[in-house]
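I set out to look up a few local features in this structure and to note each one.

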Amino acid sequence: MYLLPSTERPEKLDVSIVIPYTEEQIKNLLSKKKDKTSVEDIIASVISDGDFKGEKDQLLVVHTHGRIKPKHLVLLGIGKQEELTLEVVRKGCALAVQKAKAMKWERFAIITHFEKIKEQEALHAVAEGLLLGNYKFSKYKTEDKTKAVREVIILVKKIDYVKDILAETQIICEATNFVRDMQNENAYVMTTLMIEKIARDVAKEHKLKITVLDEKQLKKIGMNLLLAVGKGSRTPPRLIILEYKGAGTEEATAIIGKGITFDSGGLNLKPTTKIETMRSDMSGAAVVLGTLQAAAQLKLRKNLIGVIPTAENIIGSGAYKPGDVYMSYAGKSVEIGNTDAEGRLILADALAYTEKNLKPARIIDFATLTGAILITFGEYVAGIMGTDKETAKKMYDAGLKTYERVWELPLYEEYMEEVKSDIADLNNIGTGYPNASSISAAAFLSKFVQKTPWMHIDIAGTAWYSKSRYYMPKGGTGYGVRLMIEYLKNS
């Protein structure tokens, strides 16, 4: 979708126009006795019977019958002025673009003035709602394909900086939709080798340094946890490292993403109703690729290292078994208490490798790690845990701005005790399971980061939606890219 800024008067456009209204603005319009514009006159004549009050999520299509150039005006209710937020704007714009698709409009215009919201912030939110709300994964649909909207004219008072804001938002949203495509793709397509290919393509296009460790190299350096998880699969595990340098000699932030391309649970097999969406277990890996892609396009003045441990956790003749003990890259032995707690195993090796060899200033990992985070927060908030309180606070603030929200959970000493094993140094499931299992998973990961400030973000709820909600589609949501870019811009 192209976003084109324009200062043209609405009544002169030859496309349908979306006009957001608060409840107060509707009341003012109806009480206005004279000096109405031609657009206002048409609207007032239609809504005088009270069909449209400007309430949140209201949509009314008004036919102009040739009185002005646009054929339709779409009235978008955004609720009470005092309750107007950037999220209300995003959601409203998503509803608008979805209505346009239902009306089979390839082009339309939208007015972007919102009282008491800064124009720059409003433009970001409008663009996000439109670009993210226009997304649909229809690759495998053979019938009834709904065409996406091709172009939206953004009506503003002055052009000035608008083009830059729209271009930046487009980059971030396209990276988010890129992540969604990866999440929604079939597991037999989005294999470890496909993730490697996509990473190489991203690196080539954006001039990033890339290093890929194959199974022989992983065995040589002792990344036995990553190798164990992938033992049952025909597609081999990989460790993929991408480096973006946008800030000279400044210390880098490492972003690690869990890349389980399908999680059957291994020999601790997942049940029906839990296994069907496990192609999304590589969401953390996709977030890393989307973030680095966006950072490079935005030319962020940051140094970033993206690290992706990727494997397929599936049943096979060589699959790793509950009760086995493996030596990790960090030199700590791990008892496999449950083969469905595989994400923390591949992350453990990746965390230790990153700290020792890449030496970042801080580490942030994204992982669809535990079903328990859904019990805690549902699909609305991600859990954040770790040792870097400064990053946790900044990530919280970034979450409020983007509405990709996080909430910190504690890592008390008692939780650390529960990941110890009777026969090895650590157990990957914890003695308190299933109690506090999101926290115990983070406690396990903490054992593999010695000194580097580190935060873990559990996106098992936010990465995949059970139903569509405004600009967040059913299935892969792309959660994490907008959050991470906002954090990087302000840290």
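I note at the start that the model is predicted.

**Entry 1. Helix pair**

I looked up how α5 and α15 are placed. Two packed helices are described by the angle between their axes and the distance between the axes. For helix α5 (residues 162–184) and helix α15 (residues 481–489), I find that the axes come within 9 Å and cross at roughly 140°. I therefore record α5 as oblique to α15, since the label roughly antiparallel is kept for angles over 145 degrees. On the α5 side I list Glu168, Ile172, Ala175, Thr176 and Val179 as making the contact. On the α15 side I list Val481, Arg482, Ile485 and Lys489. Sorted by class, the contact of α5 with α15 has five nonpolar, one polar and three charged residues.

**Entry 2. Aromatic rings**

I then turned to the rings. The count of aromatic pairs comes to five.

Arg405 lies over the face of Tyr403, at 4.0 Å from the ring centre. For Arg469, I find a place over the face of Tyr465, at 4.5 Å from the ring centre.

**Entry 3. Backbone exceptions**

Most residues other than glycine have a negative phi, and most peptide bonds are trans.

Tyr433 and Pro434 are joined by a cis peptide bond, with omega about 10°. I place Pro434 in the loop between β17 (426–427) and α14 (437–446).

Lys116 has a positive phi, near 70°. Its loop runs between β5 (107–111) and α4 (119–133). With a relative accessible area of 79%, Lys116 is exposed.

Asp160 has a positive phi as well, near 30°. I find Asp160 in the loop between β6 (151–155) and α5. Asp160 is exposed, at a relative accessible area of 58%.

**Entry 4. Gln58**

I located Gln58 in the loop between α2 (38–47) and β3 (59–63). Which residues does Gln58 contact, leaving aside its neighbours within four places in sequence? I list Asp51, Phe52, Lys53, Leu75, Leu76 and Gly77. I also checked Gly79, which is 21 residues from Gln58 in sequence, with the two 8.6 Å apart in space, C-alpha to C-alpha.

**Entry 5. Leu13**

Is Leu13 buried or exposed? At 9% relative accessibility, I count Leu13 as buried. Leu13 is found in the loop between β1 (2–6) and β2 (17–21). Not counting residues up to four places away in sequence, Leu13 touches Glu8, Lys69, Pro70, Ala109 and Leu155. I also looked up Leu13 and Phe178, which are 165 residues apart in sequence and 32 Å apart in space, C-alpha to C-alpha.

Definitions and conventions
Residues numbered from 1 in each chain as written. Predicted model: local features only at pLDDT ≥ 70, side-chain atom pairs only at ≥ 80, totals over all residues. Heavy atoms only, no water. Axes fitted to C-alpha atoms, helices over the stretch in contact; angles between N-to-C directions. Helix = DSSP H or I, 4+ residues; strand = E, 2+ residues; numbered from the N terminus. Parallel < 35°, antiparallel > 145°, perpendicular 65-115°, else oblique. Contact = heavy atoms within 4.5 Å. Nonpolar A, V, L, I, M, F, W, Y, C, P; charged D, E, K, R; others polar. Phe/Tyr/Trp six-rings, centres within 6.5 Å; stacked < 30°, edge-to-face > 60°. Lys NZ or Arg CZ within 6 Å of the ring centre and 35° of its normal. Buried < 20%, exposed > 50% of the residue type's maximum accessible area, 1.4 Å probe, protein only.
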